[in-house]
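Okay, thanks for making time, everyone.

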Amino acid sequence: MPESNNTAAPATEPKMLKMTINGKEVEVKEGTSIIEAYSQHGMSIAHYCWHPGLSVAGVCRLCMVEIEGNPRLQIACNTAVTDGMKVNNESEKVKDAVKWGLDFHLINHPLDCPICDQAGECGLQDQYMAYGKYTPEMAEKKVKKHKVVDLGPRVVLDSERCILCSRCVRFTDEVSKTNELGIFNRGDRAEIGTFEGKPLDNNYSLNTVDICPVGALTSKDFRFRQRVWFLKEHNSICTGCSTGCNTRVFYNKEGLFRIKPRYNKDINGYWMTDTGRDAYKFVNKEARLLDARVVSNGRGEWIAPKLAARKAGEALKGAGKSVALVVTGQYMNEEYEALLSYFKNEVGTDRVFHWINNPETFDSFDGLLARGDKNPNTKGLLAEMAKQGFTAQWRELAEGLQTGAIKTVVVAGPENQAVFPDLKAKIMELSKASKLVWLQAGKNDQLEALTGDVTLIPLKTYVEKTGTYVNYAGIAQKVHKGLTVVPNALSLVEVVALMKGEELPADDTYNQVGLGRVHNEFTMVRGTL
Amino acid sequence: MAEVKYLSEHYHKPEYRGLAGYKANGGYAMLEKALKMQPQQIIDEVKASGLRGRGGAGFPTGMKWGFLPKNGEPRYLLCNADESEPGTFKDRVMMEKAPHQLIEGMIISAYAVGAKKAYIYIRGEYMGPAAILEEAIAEAKKAGYIGKNILGSGVDVELDLYLGAGAYICGEETGLISSLEGFKGQPKLKPPFPAVQGYLKKPTIVNNVETLAAVVNIIRDGGQGYRKYGTEKSAGTKLFSLSGAVQKPGTYEVPLGYKLMDFINNECGGLLPGRKLKGVIPGGSSAPILSAEECMDATLDYENMAAKGSMLGSGAIIVIDDSYCMVDVLSTITHFYHHESCGQCTPCREGTGWVQKIVHGIVHGNGKPGDVDLLLKIADNMKGRTICALSDAAALPVLSFVTKYREEFEYFIKEKKSKVKGTQIYAQLNPSEMGAH
Amino acid sequence: MFQLSEEGKAYVKSELARYESKQSAIIRCLYRAQDENGGWVSPEVIEHLSQLMDIPAAQIDEVSTFYTMFNQKPVGKYHVQVCCTLTCGMLGGRELTDAMMKEAGCKKLGDVSPDGLFTFSKVECLGSCDTAPMLQINRDPYTESLNTEKGLKLVRDLRAKGGK
């Protein structure tokens, strides 16, 4: 169960209660439920309907515990801990109740695990292995319900697999507050669903798939693509906007397959947006620039990125104010630090411009997680620019290009091109410079078709490097390198080193933690991974 | 002591239904008297009377009222007129014959517990009684018994009628509250209990029709006076709904503690000629059945029924004679609970369906050798595991029928036909194939 | 597209103001709309009420599918709901249903008879066990103390009345 790793101290210390769980003495805060006590102390307890981010439903009846002095078993999710309480879920009485509880869940559940997408991460499978009774006695026909129900643009429902835990309904009622889902009919005919013409279509719909303990709700994007046990997990941060939701990315050697949220009390709780989950598509090879492209005299060739960076650096050294740098809020603090100080000190220019991708909606917020600033690190960029004393206005760039005062433009372009609606226009505008060096991870036909003096250098994406993002609220979060998708791609730190004429360390230290390069002004480093 | 007319004293008079007739027979005098008492005095009288909830659970009414917070927080009084426990129809009779008796009892009770708003939750099928009640409420409003400053006392109580729409579970008090709030009638988790957090999260008291009507008599005769009928632990009279294999089915008021067999043989005219008693369900379909032998010394009170492992419940007595097949009778009961489970809690949702399939399998000649024991195991594991008592209510008849008439079940499984000659077999119905719903 | 009558809309408005929360008006408004829609709650009815009452459609549909008195498919002029639970089941409710359905020309529960007059449903205990077997037509007061003969006569009488 996810735990907050950065609990802020509350104003008044709550009273601590002593209790005994399965013979072990523990302390919990007053107001804690028994199931929370189990989870806080890493003790296992069967449950489906309880979810720490949702209201208590108390309907799966699995989290049964025996409380000393109470002849009836109680559910742990709706029972508050009292001082001196002794609970256990290891007695025969509890085990028997849980076994039967699981059997009741399974009697109408199809045993189609071999073709079910949830297999491998299924609550029903896991809990049955742990607590089940292994001697099914149900010999009657199962209830028939709807299969492959299209709930909305991203989610598919298999009603027969549904165990009616109501987590998804509570999510749309309590979290997204969009009320699309309901449980219709009653008894064992009850089914989750939407009202026709009112699909599950909100930017948080895939959270219902995450919290579905069985294979009833599946993601259209992910279903049937991979068996989950063939995927590796890596902790990361969503770079889809300035909120910085904590995530887990799932990958294999072919690339990323999906992204799921990871609990962080201060940033995203348990949830993330659907659009944030698309932030794996631009990472994968088919969307990437694989090598550097150098065009001169109308002739283009693909060369090794390291070579391209070195060559570009030779031309930039001491070039002064004829060089302009255009930079997006898509990169890490460590990269900004290297890049900006290089331009100030070695290139000798203060013509550094912040490219704001969507000025009209930049400050908007959907009230839950999604912010109009579709960059993970605008805050970090602005801080570094201020530190270096860069104050140039965008208008000066246009003027410099017009007058010819700016001859070379270096662009640290978007990693996530989809959130840059003005990309096409900017390419057209910036390619007016007599020399253009464009650094970016993704491939772009328009850039590759440019015919002037152009250098394109492929960059790494957020899962391929280590560094820090600062979210809208000033919370610095560090991500570590998880995998390599494009072996030749470089981080901006590496690009700068090469431009300076340095050699890259063979051991990839630029991408490792503890290099001593990770220092920033945001002392409150929270949500460190 | 045989049949008494205590609550039902004037039920035989058609005019008692209207305000004029009700008043002519002493109606609303007790409201006047009560309004001159302190609320706590009324609660004390109700406590002293030993009145226990007449809806099924038999919880002491005064004690329930005592659970309300002792502050000025707004609160509600709800009357449970959802009467839907199979076999029960006494509340309908009361509402049809004496709507003002219920209204008077409710206003007195609302005053006692400090509720300024009260609702009668009536099941949707009871359109007849609902119309009678609406008319009576309008009359009482006009006459100043409902509304602001009732009879110049400064007490305000509003009363409205709320219609259900077909769901047994709304008779469970928190299911009723969910329904009144406009949602599916699904029971709520306890704690919090309704007296602390009920309708719209405000303290709420839910009482049965008969319970609230009895408050009028308690005001008239005092708590001790009310005890002139009944036993120490089961005070007063009770209206019983008697149906099934008897000569004169109907609603009868008898003192608690009355002998079951006397009731059947005297008030109800006995069994049909040539029939032999096989069993009696004493408190609505969820009460464990009593075998003929157990019936002989049974008395109609909470303690005797509990001693016999059954319950007085809503006072719905269903008499079954030897012409009925117990497997078939149980099949209508299991069908009922399968149909009515709200579907929230897994053991009930799945267990009611499982049990129903097995019992109907037996009736259709598809019984399997282990079915009887399996039924007992399933029912046993449906008990005490859910938010409300529906799961228990569904399990108890299974346990009692199968245990007490086991040989009928075994016979049916083995011979693929009923032990009772002439038993007709009906098509097995899925709840979703029962009609237009 | 289903629309309530002007009086129906006014009724919805007054019901919305009647209770402490507007959701509490759902059941009565569904009854009203069901009546105006010829006896059943179609998806258009839900859609219309959702707009009129400003309550999510899924929430109204949850209520409509939970409570059995809201019909989920078209019904005949007389929706005959025969009690078949316990006492009524013991005392002939099921034979009565079969006989009446045959007389009315209904092949299956829930079907509308060819003349459009009848739909039969088996329902759970209606709370009139002393007059078993018994039934309810639409939402009218009960028809009680029946037997097969009386049931058949009832169908014939209704046909004579309803055919006009």
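Let's start where two chains meet: 10 residues of chain C are in contact with 12 residues of chain A. One thing before I go on: this is a predicted model, so please hear everything I say with that in mind.

So which helices of chain C make up the side that touches chain A? Two of them, α3 (43–53) and α4 (57–66), each supply at least two residues. The one that gives the most is α4(C), with 7 residues. If you sort that side of chain C by residue class, you get 6 nonpolar, 2 polar and 2 charged residues.

Is α4(C) buried or exposed? Buried: that goes for 10 of its 10 residues, so the rest of the structure largely encloses it. The buried set has C:A57, C:A58, C:I60, C:V63 and C:F66 in it, and also C:Q59, C:D61, C:E62, C:S64 and C:T65.

A:N185 sits in the loop between β8 and β9 of chain A. Its phi is positive, about 65 degrees, although the residue is not a glycine. As background, most residues other than glycine have a negative phi, and most peptide bonds are trans. A:N185 is also buried, because it has 21 other C-beta atoms within 10 Å and the cut-off for buried is 20 or more.

Now compare that with an asparagine in chain B. B:N149 has a positive phi too, about 50 degrees, and again it is not a glycine. You'll find B:N149 in the loop between α7 (127–142) and β3 (158–163) of chain B. Its surroundings are another matter: B:N149 has 10 C-beta neighbours inside 10 Å, so it counts as exposed.

While we're on backbone geometry, there are a couple of cis peptide bonds to show you. In chain B, the bond from B:K190 to B:P191 is cis, with omega near -5 degrees. That proline, B:P191, is in the loop between α8 (173–180) and β4 (204–208) of chain B. Over in chain C, the bond from C:A132 to C:P133 is cis, with omega near -10 degrees. C:P133 is in a loop as well, the one between β2 (118–123) and β3 (135–137) of chain C.

Okay, zooming out to chain B. Chain B has 17 helices and 11 strands, and its C-alpha atoms fill a box of roughly 75 × 45 × 40 Å along the principal axes. Why would I call its radius of gyration what you'd expect for a compact globule? Because a compact globule of 437 residues would come in near 22 Å, and chain B has 22 Å, which agrees. Buried residues account for 61% of those 437. And for contacts in chain B between residues at least 6 apart in sequence, 71% join residues at least 24 apart.

How is chain B divided? The assignment gives domain 1 (14–226), domain 2 (237–321) and domain 3 (326–433). The C-alpha centres of domain 1 and domain 3 of chain B are 35 Å apart, and their contact takes 10 residues from domain 1 and 8 residues from domain 3. On the domain 1 side, that's 5 nonpolar, 4 polar and 1 charged by class.

Last stop, a sheet in chain A. It's an open, antiparallel sheet of 3 strands, in the order β11-β12-β13. The edges are β11 (232–237) and β13 (255–261), each pairing on one side only. Neighbouring strands are turned by 30 degrees against each other on average, ignoring direction. Strand β12 (residues 246–252) pairs with β13(A) over 6 bridges, in the antiparallel sense. If you want one pair to click on, A:V249 has A:I259 in β13(A) as its bridge partner.

That's my tour, so over to you.

Notes:
Residues numbered from 1 in each chain as written. Chains lettered and ligands numbered in written order. Predicted model: local features only at pLDDT ≥ 70, side-chain atom pairs only at ≥ 80, totals over all residues. Pairing = 2+ DSSP bridges. Helix = DSSP H or I, 4+ residues; strand = E, 2+ residues; numbered from the N terminus. Axes fitted to C-alpha atoms, helices over the stretch in contact; angles between N-to-C directions. Contact = placed C-beta atoms within 7 Å. Nonpolar A, V, L, I, M, F, W, Y, C, P; charged D, E, K, R; others polar. Domains from an automatic or database assignment. Rg over C-alpha atoms; globule rule 2.2 N^0.38 Å. Buried ≥ 20, exposed ≤ 12 C-beta atoms within 10 Å, placed from the backbone.
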